[in-house]
Amino acid sequence: MNMGPDFRRLWWAYAVSTYGTWTAFGAFPLIAVRVLDSSAFAVSLLEAAGLAVAAVAAFPLGPWVEHRAKRPVMIATDLARFLAMASVPVAYFLGLLSYVQLLVVSVVCGTAGLAFTAASGAYLKHLVPGDRLLVANGRFEGTSWVATAAGPPLGGALVGLLGPVVTVLADSVSYLLSALAVRRIRGSDVATPRDPAARPGAAGLLHGGRFIRRDPVLRRLFLNQVLVGGLIMATSPLLAVLLLGEYGVPAWQYGLAFGVPALGGFVGARLSARLVRRHGRYRVLAASGWLRSLFPLGLAFLRPGVPGLVTLIVVEGLLITCMGVYNPIHATERLQRTPRDSAARVLSTWSVSSRLVQAALMLTWGVLAALTTPLTAITASSALLLATPLLLPRRSHLTAPPLTAPPGGVPVA
């Protein structure tokens with residue numbers, strides 16, 4: 001299905017930055033563990049503090065993004081991430097790199113990433129007709145999983161040959177290329193005119209949360225996604241410490257163990273729209289949502305050596321395949337149920353809340369790992385995931401018409 005040249009440019013911008021991000025996968029934990037000799041809790045703190053501070057700083061950005069043309073916002077946030085990431089190799093080669101700098105860069109990139117997500121999601125809704133959103137989201141999702149498959153092994157090889165800061169440099173360049181791609185988009189932009197009668201401050205900031213709360217489908221999707229994402233992300237720094245530290249896994253094997261399973265995400269994303277046409281949106285959403293909560297239990301059986309790596313690849317592969325099916329449906333349902341004049345604020349609220357929960361759970365699981373072991377903490381997260389499908393939307397909710405409002409966005413020259 002031809003989406004037009006502007007969609008392809010937006011898609012390419014997303015692709016190049018995503019490839020850069022996944023090429024640098026694990027670079028910060030690797031630098032923290034092997035260059036700065038950080039503990040398991042310190043690595044969790046690095047991930048969590050970056051998410052939390054970025055989320056708090058980005059919370060006012062939803063209304064700010066809503067009332068501005070989206071392409072300039074995307075370009076500015078890409079350039080901010082380029083400069084922040086580029087500072088890491090510069091500091092490293094000057095012998096000035098520190099844990100605090102990694103923390104600051106994580107905060108800057110996280111904040112800019114949230115603003116970019118809000119702007120790009122609202123612009124995608126403006127750019128693509130509603131009946132093509134599932135296909136468009138499927139292409140973005142497929143691109144994400146291919147990048148996830150190719151990036152970590154490539155990044156692991158670069159780390160082995162040239163060191164971890166080189167992958168960070170590659171990531172910084174990807175944001176510059178993304179900004180150039182967005183700049184080449186030639187179609188109209190979109191912005192919501194500011195209501196002079198609207199109250200600033202908390203009233204505007206909570207608009208997205210109120211809209212999510214009123215719609216039963218969005219409310220359940222939100223709670224499910226926030227908890228699932230938080231519990232999965234809570235184990236990410238612990239897996240890095242367990243594999244790179246305790247088990248002594250080489251960087252290239254670590255990247256391969258997370259890269260190969262992502263092929264399942266690509267397959268799932270490609271199948272998502274076909275499965276929906278054949279079995280219906282609710283059945284596919286529910287089945288993939290339930291299955292993705294079961295497979296992480298296999299992480300409890302991680303052991304050193306080849307058997308442990310095979311276990312990780314199989315478990316992550318099954319989990320990511322289900323996520324590849326689930327995520328385009330989830331993203332499409334969210335956009336279709338959100339009016340254009342609220343899209344950026346809803347997406348911003350969604351992203352900020354998700355990252356705050358992820359940060360809180362990362363810290364909690366970092367403490368749990370310090371009191372027990374990383375493997376025990378990972379197993380606890382996998383067990384709690386089993387309860388999350390209870391929050392998925394019910395069939396009666398999905399078949400009900402979405403809450404909508406008259407579009408408020410107006411074209412901007």
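Author: Accessible areas come from the Shrake-Rupley method with a 1.4 Å probe, and for residues only the protein chains shown count as cover. You are looking at a predicted model, in which local features need pLDDT of at least 70, side-chain atom pairs count only at pLDDT 80 or more, and totals for chains, interfaces and linings use all residues. Residues are numbered from 1 along each chain as its sequence is written, while side-chain values use heavy atoms, with hydrogens and water left out.

Reader: What percentage of the protein's accessible surface belongs to carbon and sulfur atoms?
Author: Let's start with the total, which comes to about 17,200 Å². The part of this surface that belongs to carbon and sulfur atoms is 68%.

Reader: How many helices and strands does the protein have?
Author: Both are DSSP runs numbered from the N terminus: helices are H or I with at least four residues, and strands are E with at least two. Counted like that, the protein has 19 helices and two strands.

Reader: What percentage of the residues are buried?
Author: Buried means under 20% relative accessible area, exposed means over 50%, and partly exposed lies in between (1.4 Å probe, protein chains only). The protein has 413 residues, and the buried ones make up 55%.

Reader: Is D78 buried or exposed?
Author: You can find D78 in helix α5, residues 70–93. Its relative accessibility is 0%, so D78 counts as buried.

Reader: Which residues does D78 contact, leaving aside its neighbours within four places in sequence?
Author: Contact means heavy atoms within 4.5 Å. With those neighbours left aside, the partners of D78 are F116, Y175, S178 and A179.

Reader: How far apart in space are G113 and D78, C-alpha to C-alpha?
Author: G113 belongs to helix α6, residues 99–127, and is buried with a relative accessible area of 7%. In sequence, G113 and D78 are 35 residues apart. In space, their C-alpha distance is 8.1 Å.

Reader: Is the crossing of α12 and α13 left-handed or right-handed?
Author: Their axes, which are lines fitted to C-alpha atoms over the stretch in contact, with angles from 0 to 180 degrees between N-to-C directions, come within 10 Å and cross at roughly 140°. That makes α12 oblique to α13, since angles under 35 degrees count as roughly parallel, over 145 as roughly antiparallel, 65 to 115 as roughly perpendicular and the rest as oblique. A crossing is left-handed if the near helix is turned anticlockwise from the far one by less than a right angle, and right-handed if clockwise. For α12 and α13, the crossing is right-handed.

Reader: Which residues does V228 touch, not counting residues up to four places away in sequence?
Author: V228 is found in helix α11 and is buried, with a relative accessible area of 5%. Although 65 residues separate V228 and S293 in sequence, their C-alpha atoms are 7.9 Å apart in space. The residues touched by V228 are R292, L385 and T388.
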